[in-house]
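Please keep the sequence and the model in view while reading.

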Amino acid sequence: MNITLPKFSFQERRHYSRATNSYTVILLSNEAPYPVDFNQPPYLMEGFNIQYFNGCLHNLSNTVALLLANNRQQSADCGIICHLDYFTQHQTELIELFSNHATLKYLPFVVVDWSMTNPQQIKQTNLRLKQSGIVDDFYVAPFKSTDLLQRLLYLQNFKLIKPELDITPEAGYRYTMPVGKRVFDILFALSMLIVLSPLLLLIAIAIKLESKGPVLYKSKRAGSGYKIFDFYKFRSMATNADRQLTQLQHLNQYATESNQPAPSFVKINNDPRITTVGKFIRNTSLDELPQLINVLKGDMSVVGNRPLPLYEAVQLTRDEWAMRFLAPAGITGLWQVSKRGKADMSALERIQLDNEYAQKGNFWFDIKIILQTLPAMRQKETV
Amino acid sequence: MDRKQVLIVEDDNSTRKLLNCLLQKHYNVSAHKDGFDGMAWLDFGNLPDVILMDINMPQFDGFDFLTNLRQSGFYRNIPVIALSGTDRLTEINRFFDMGGTDFIKKPFDPEILISTLNRHTA
């Protein structure tokens with residue numbers, strides 16, 4: 001037997017729900033005659049043409065064919081509703097029949113139950129029925145019959161195009177650095193640390209001599225893939241500097257562009273909290289050198305987008321800007337070599353550069369940025 | 001302990017990848033570009049513990065998706081969290097009227113996102 005089922009194009013896929021005059025339902029149930037008059041409460045209402053079936057399962061396909069022929073339906077609106085008890089009892093035969101039969105496997109197959117109340121039990125039954133491979137849905141009363149009807153129509157269309165669909169979930173995506181970039185990073189960071197070790201030692205001693213506290217300043221930053229890590233710098237401020245920040249908000253260079261929804265980055269001209277040594281290592285960008293350790297640890301790369309303090313990072317988790325997190329985090333990057341230090345560099349321009357790097361970053365681009373970084377390190381302005 | 005499964009429906013490529021990065025430490029993640037693919041993935045035999053969806057998407061948007069979910073028996077009780085940049089109160093209200101569970105505004109704090117997901121899968 002053959003049943004012509006309606007075909008739907010992919011363009012129409014949004015319009016699954018549609019009106020129907022009568023939906024034929026074949027009800028599989030043990031209780032004979034099963035109360036088709038589901039009036040208390042009205043689980044199945046008008047609009048359903050319910051056909052009771054409890055015969056031999058081998059005859060089911062013939063019954064379906066006959067039904068559809070008798071109804072002279074142009075498009076076959078027909079689905080199977082099966083009582084949970086019946087399904088449990090005849091599970092093996094039902095799976096055998098519905099997974100192999102040329103026509104039956106395209107019909108929506110919905111299991112219903114009127115007695116279950118325990119949410120945990122419902123959840124377990126959901127899983128069990130899903131795993132059977134033939135059950136398309138499971139309804140526990142009470143439910144709206146209009147919901148069931150729309151779902152049946154959806155499933156009917158879905159099952160027809162199902163064989164053509166290729167639904168591959170994007171799972172386990174993570175940013176992975178190209179091997180070449182990582183190798184370069186390790187070689188570069190190691191040789192820099194070795195060559196610069198006398199200088200690093202001098203700076204460390206100078207910091208210790210001027211003010212109390214540790215040599216390195218650690219802060220939490222969000223890097224590539226929004227991975228949060230300890231970001232190292234030479235300490236350039238007194239130890240309680242973070243707490244003073246709230247009192248200095250009015251001096252913030254980025255605070256003026258308040259009309260647009262741009263993120264509020266903090267950058268203060270001639271910050272009074274900076275120590276003398278701090279001022280020198282900042283002007284020469286030497287305070288950034290400990291990030292070579294971050295590079296060795298794999299938190300960062302030499303070239304990439306600036307890892308952001310968390311209060312800045314949370315403001316960039318929106319569609320337009322999320323891309324910046326999908327590139328490596330780096331000591332230097334497009335932003336630093338483009339026009340670092342210019343007072344008119346807006347937060348928006350900065351993020352645009354980040355996105356730009358995320359799109360076109362490659363090895364030679366990185367080398368170019370490293371070469372451009374050296375002159376940029378001598379900053380004219382105190383940033 | 002079994003890892004919980006989260007279904008992500010988000011049309012923006014970058015945000016979808018970022019969510020993947022953020023959540024895979026805590027969840028089994030399945031991410032899709034629109035409501036149609038998300039719905040199809042479910043009907044291919046999957047039953048996630050929580051759904052995270054964008055509202056404004058081309059073709060099969062968050063509202064279409066939510067309608068289909070709530071009409072279904074399998075999925076009507078799965079918590080659905082909207083992650084959207086929308087400011088329009090009518091859209092947010094409509095989301096909750098249709099059976100949405102929670103709303104998170106973009107830009108979002110990843111820590112809040114994770115704690116919200118944890119709360120709804122506990």
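Which residue stands opposite A:L308 in β9(A)? The residue opposite A:L308 of β9(A) is A:A222.

The model is a predicted one, in which local features need pLDDT of at least 70, side-chain atom pairs count only at pLDDT 80 or more, and totals for chains, interfaces and linings use all residues. Residues are numbered from 1 along each chain as its sequence is written, chains are lettered from A and ligands numbered from 1 in the order in which they are written, and side-chain values use heavy atoms, with hydrogens and water left out.

## Strands of chain A

Helices (H or I, at least four residues) and strands (E, at least two) are DSSP runs, numbered from the N terminus. Two strands are taken to pair if DSSP finds at least two bridges between them. In chain A, three strands form an open sheet in the order β7-β6-β9, with antiparallel pairing. The edges of this sheet are β7 (228-234) and β9 (308-309) of chain A; each has a single partner strand, so one side of each is left without a neighbour in the sheet.

Strand β6 (residues 216-222) of chain A is joined to β9(A) by two bridges, and the two run antiparallel. A:R221 faces A:P309 in β9(A), and A:R221 also stands opposite A:F229 in β7(A). Seven bridges pair β6(A) with β7(A) in the antiparallel sense. These two strands form a hairpin with five residues between them, and in the turn A:G225 has a positive phi of about 65°.

A parallel pairing is found between strand β4 (residues 109-113) of chain A and β5(A), over four bridges. There, A:D113 stands opposite A:V140 in β5(A). From strand β5 (residues 137-140) of chain A, A:D137 and A:Y139 point one way and A:F138 and A:V140 the other way, and all are buried. Buried means under 20% relative accessible area, exposed means over 50%, and partly exposed lies in between (1.4 Å probe, protein chains only).

## The interface of chain B and chain A

A contact means heavy atoms within 4.5 Å. Chain B and chain A each bring 46 residues to their contact. The area buried between the two chains is about 4,000 Å², with 57% of it given by carbon and sulfur atoms; such buried area is the accessible area (1.4 Å probe) that two parts lose on being put together, summed over both. B:F36, B:Q71 and B:F74 supply 19% of the area that chain B buries against chain A, more than any other three residues.

The interface holds three salt bridges, a salt bridge being a side-chain nitrogen of Lys or Arg within 4 Å of a carboxyl oxygen of Asp or Glu. The side chains of A:R151 and B:D43 meet in a salt bridge at 2.7 Å, N to O.

On the side of chain B that touches chain A, the elements giving two or more residues are α1 (13-23), β2 (27-32), α2 (35-43) and α3 (62-71) of chain B. The largest share, eight residues, comes from α1(B).

## Helix α2 of chain B

Nine of the nine residues of α2(B) are buried, so this helix is largely enclosed by the rest of the structure. Its buried residues pack against α3 (119-132) and α4 (145-161) of chain A, together with β1 (4-9), β2 and α3 of chain B. The N-terminal end of α2(B) is capped by B:D34. Just after the helix, B:G45 takes a positive phi of about 115°.

## Side chains reaching the backbone

A:T284 lies in the loop between α7 (276-283) and α8 (291-297) of chain A and is buried, with a relative accessible area of 15%. B:T101 lies in the loop between α4 (89-97) and β5 (102-105) of chain B and is partly exposed, with a relative accessible area of 30%. B:T101 and B:P79 are 22 residues apart in sequence and 5.5 Å apart in space, C-alpha to C-alpha.

| Side chain | Backbone atom | Distance |
|---|---|---|
| A:T284 | oxygen of A:F280 | 2.8 Å |
| B:T101 | nitrogen of B:V80 | 2.8 Å |
| B:D34 | nitrogen of B:F36 | 3.1 Å |

How values were computed:
A polar contact is a pair of N or O atoms within 3.5 Å; within protein, one must be able to donate a hydrogen and the other to accept it, and residues adjacent in sequence count only if both atoms are side-chain atoms.
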